[in-house]
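Hi,

Here is the structure I promised to pass on.

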Amino acid sequence: MKFVAFERKLQGTGASRRLRHAGKVPGIVYGAGEPAVIEVDHNALYHAMKKEAFHSSILDMEVEGKTTQVLLRDFQMHPYKQQVLHVDFQRVDATTRITKKVPLHFVGEAESPAVKTDKGTVNHVLTQLEISCLAQQLPEFIEVDLSGLTMGHSIHVNDLKLADHIKIVTHGKPNPVVATPVPAAAEEVIVVAAAPAADDKKKKKK
């Protein structure tokens, strides 16, 4: 994905506030050299950030006609407005090794025995994984195949098929669960007591 940014001439709280009023987002680019302050069109950035790939892939940032490869590293949103307040990017090249969270895409759930045969559901325990790899080898997502999932068994991190150059960062947790099947909830049968018959009422009065 490609986006256009501009060099930011003025810095400080007041300058950033004026930029936001003008429909711009202040930002910074760091890594592989001196940090550079930039500004980005708010609406273009806001719509780009709705796309999953903008958060988990290498981006081509054009500034003053020069293109640099970067990764979105952080952003700050307004507490209640749909407004991006600040954005951080990191420069990357072929030698840059990064650690970044990547979304999980689940496939084959409806065909799994746990769902198709046993009528259960699948609980997605994790929706993203933190991985370590070279920036140029960063996947946009990791696919999780659920088609063979059976009731009573779970898919763990070690079950995922990953390229050799990708290392999963679990922060000391041994083989976390990624997805697990859940049995269908038992249907509650509500028994409504029948109203006493008219003859029974008469007998009780006697």
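Of the 206 residues in the chain, 34% are buried. Keep in mind that this is a predicted model. The chain exposes about 13,100 Å², and 52% of that comes from carbon and sulfur atoms.

On the fold itself, I count five helices and 13 strands. If you take the contacts between residues at least 6 apart in sequence, 66% of them join residues at least 24 apart.

Now the inside. The largest nonpolar core is made of 23 residues. Ile 131, Leu 138, Val 144, Leu 146, Ile 155 and Val 178 have the most contacts within that core. Four strands each give at least two residues to this core: S7 (97-107), S9 (128-134), S10 (142-145) and S13 (177-182). There is also a second, separate core of 19 residues, with Ala 5, Tyr 46, Val 70 and Val 84 among them.

Leaving aside residues up to four places away in sequence, Leu 138 touches Ser 56, Ser 57, Leu 71, Ile 98, Lys 100, Val 102, Ile 131 and Cys 133.

Then there is strand S1 (residues 2-7), which has two partners to look at here. With strand S4 (residues 59-63), S1 pairs in the parallel sense over four bridges, and Val 4 stands opposite Glu 62 in S4. With strand S3 (residues 36-41), S1 pairs in the antiparallel sense over two bridges; there, Phe 6 stands opposite Glu 39.

Cheers

Definitions and conventions: Residues numbered from 1 in each chain as written. Predicted model: local features only at pLDDT ≥ 70, side-chain atom pairs only at ≥ 80, totals over all residues. Heavy atoms only, no water. Buried < 20%, exposed > 50% of the residue type's maximum accessible area, 1.4 Å probe, protein only. Contact = heavy atoms within 4.5 Å. Areas by Shrake-Rupley, 256 points an atom, 1.4 Å probe, with all protein chains shown as cover. Core = buried A, V, L, I, M, F, W, Y, C linked by side-chain atoms within 4.5 Å. Pairing = 2+ DSSP bridges.
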